[in-house]
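Welcome, and please open your viewer before reading on. We will go from one selection to the next, with a short note at each stop.

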Amino acid sequence: MRTSRSKRQLLLLLSTCLALVLAVVWMIADAARRRASSAQRTSQSRMVVRLFGTADMVLSSSSRWLRHPSLSEPGAPFADGPAILDIDPAGAMIGPPLEVLAGGSRGVIEPNKSRRSR
Amino acid sequence: MRTQLALILFALGSARRRAGRTLSILMALALVTFAFSSVLFLTEALRREYRMASEALPDLTVQRLVAGRPALIEAGLAESLRQIPGVIAVEPRVWGYFFVPNLAGNFTVMGVDTAQADLTNSPWAGAVDGRLPKTGSRDEVVMGKSLARFLGLELGDAVILPVGPHRIQMDLVGTFKSEVALWSADVIVLSLTNARTFLQVPVGQVTDIAVRLSTPDEAVVAARKIAELIPDARVIDRQLMGRTYDLTFDTRGGVMGAMLMPALIAFLVLAWDRLSGVGPAEWREIGVLKAIGWRTSDVIAARLWEGVLVGFCGAVLGIFAAYLFVFYARAPGLSSVLLGWSSIYPSLDLVPAVTLSQVVVLICLVVLPFVAAGTVPAWRTAMRDPHQLLRGAS
């Protein structure tokens, strides 16, 4: 009786370990499959990078040194004052009030849905 | 083999006898591994995206600095740069930013000259739904899909843009596909003429000059020659851009990692406390084991197996959950903490850079300290005299 209980326990342990190993194998295979099927996407992104001349990603559009970190000069975060702190607006989870951002802006973009060119 | 199987069974029984403690430690371990793995997977995937795309970058980008800030540069300098040996193409570019208050976001405005040979020959259908603006067109615009969606626009719709002192109605003739949203989500592409007016860049001046070399390895030499030719120039080479990005991701990922360190330390302290808190029952258990002939090494091996089993299950559960969270659920919450807030987020449809070696390293990083935290106290207890242990003396 004890032996059958031990066998059951071992089987349970083995199946748990096997399930976990299979999960890792699936994860690696899924990652490899997604990498292999991203060849077209890679060529598309290279086209866009060639057109724009920069590979900076749209991770933060709140300021130029975050939008284009590789093209901004090293002092860009401090450009508005020699001793100003880098407030890193995109580094905060909560953004500043929109009124603050709107200050000093020019013009607006208005969608005009009334007219369709075709 | 039989001995090890018996030890594994004993370890299993031991874990089951203290099911509450085992389960809480397993969940805490999975949670800590999940947090670290999510940050690692996300930053590695972004790093991969950048590396893959950066091959199309120009070898050198020439800017001009005035008072330490980027300023417009003479377009005529492009001809001088073309004369430098090794330079095969020079492209003066007009681009800049535009803030839209009602969307509270900065947009990148790019001017493109579609008459350029390399652009007319490119299969743009792959990256753009529709087409690029015609050369010299006054009323055509192409946008990132996210921006167009933000504005409620569809292909063929009209949009009013403030170009210079006027507000000009333009047609949306193309949108960048969502596959390239990571680069184009906030971009407005205009013809070179329109971009110049829109960004108020005078004729004869440009934002910067892109330079392509026949031998990219000679970028440093070419950069030195450009610096001699244009003393106030800032020349950025492609490798420097790559380093900037590595640094950016390392910083962001590192900050997140540093924020998670207290959680890891707290977990290890908890694990040490729980596993070394060998109570009277466990003292007696080890005492009995030693009294019936178990060696110290057997006691340690049993505890080692228990640690390995719990640690492996917790670590793999955490890593697997992190993979699903980042690449299937698109990292809700984490992306905004790691990348910052932004008005126009492209959807983070990232390609995983996860490899077997990464997973093995992650598992080892979590399991090894955890096993050590559980084994060392057991070893210290097992070294004692069985009589002392049975009496429950500390």
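**Before you select anything**

This is a predicted model, in which local features need pLDDT of at least 70, side-chain atom pairs count only at pLDDT 80 or more, and totals for chains, interfaces and linings use all residues. Residues are numbered from 1 along each chain as its sequence is written, while chains are lettered from A and ligands numbered from 1 in the order in which they are written.

**Stop 1: colour by confidence**

Colour both chains by pLDDT, the predictor's confidence in each residue, from 0 to 100. Chain A has a mean of 75, with 64% of its residues at 70 or more. Now select helix 1 (residues 2–36) of chain A, where that chain's confidence is highest at 88, and then helix 4 (residues 98–102) of chain A, where it is lowest at a mean of 58. Helices here are DSSP runs of H or I with at least four residues, strands are runs of E with at least two, and both are numbered from the N terminus.

Chain B has a mean pLDDT of 83, and 91% of its residues reach 70 or more. Its lowest point is helix 4 (residues 117–120) of chain B, at a mean of 54, and its highest is strand 11 (residues 205–206) of chain B, at 94. Where pLDDT is low, the predicted coordinates should not be read in detail. For the complex, the predictor gives an ipTM of 0.78 and a pTM of 0.80.

**Stop 2: a strand with two partners**

Select strand 4 (residues 87–100) of chain B, which runs antiparallel to strand 12 (residues 208–213) of chain B and is joined to it by six bridges. Pairing requires at least two bridges found by DSSP. Zoom in on B:Arg93, which stands opposite B:Asp208 in strand 12 of chain B.

**Stop 3: helix 11 and a neighbour**

Which residues of helix 1 of chain B meet helix 11 of chain B? Select B:Leu7, B:Ile8, B:Phe10, B:Ala11, B:Ser14 and B:Ala15 in helix 1 of chain B; their counterparts in helix 11 of chain B include B:Trp305 and B:Leu309. Contact means that C-beta atoms, placed from the backbone, lie within 7 Å.

How values were computed. Two residues are in contact if their C-beta atoms, placed from the backbone, lie within 7 Å.
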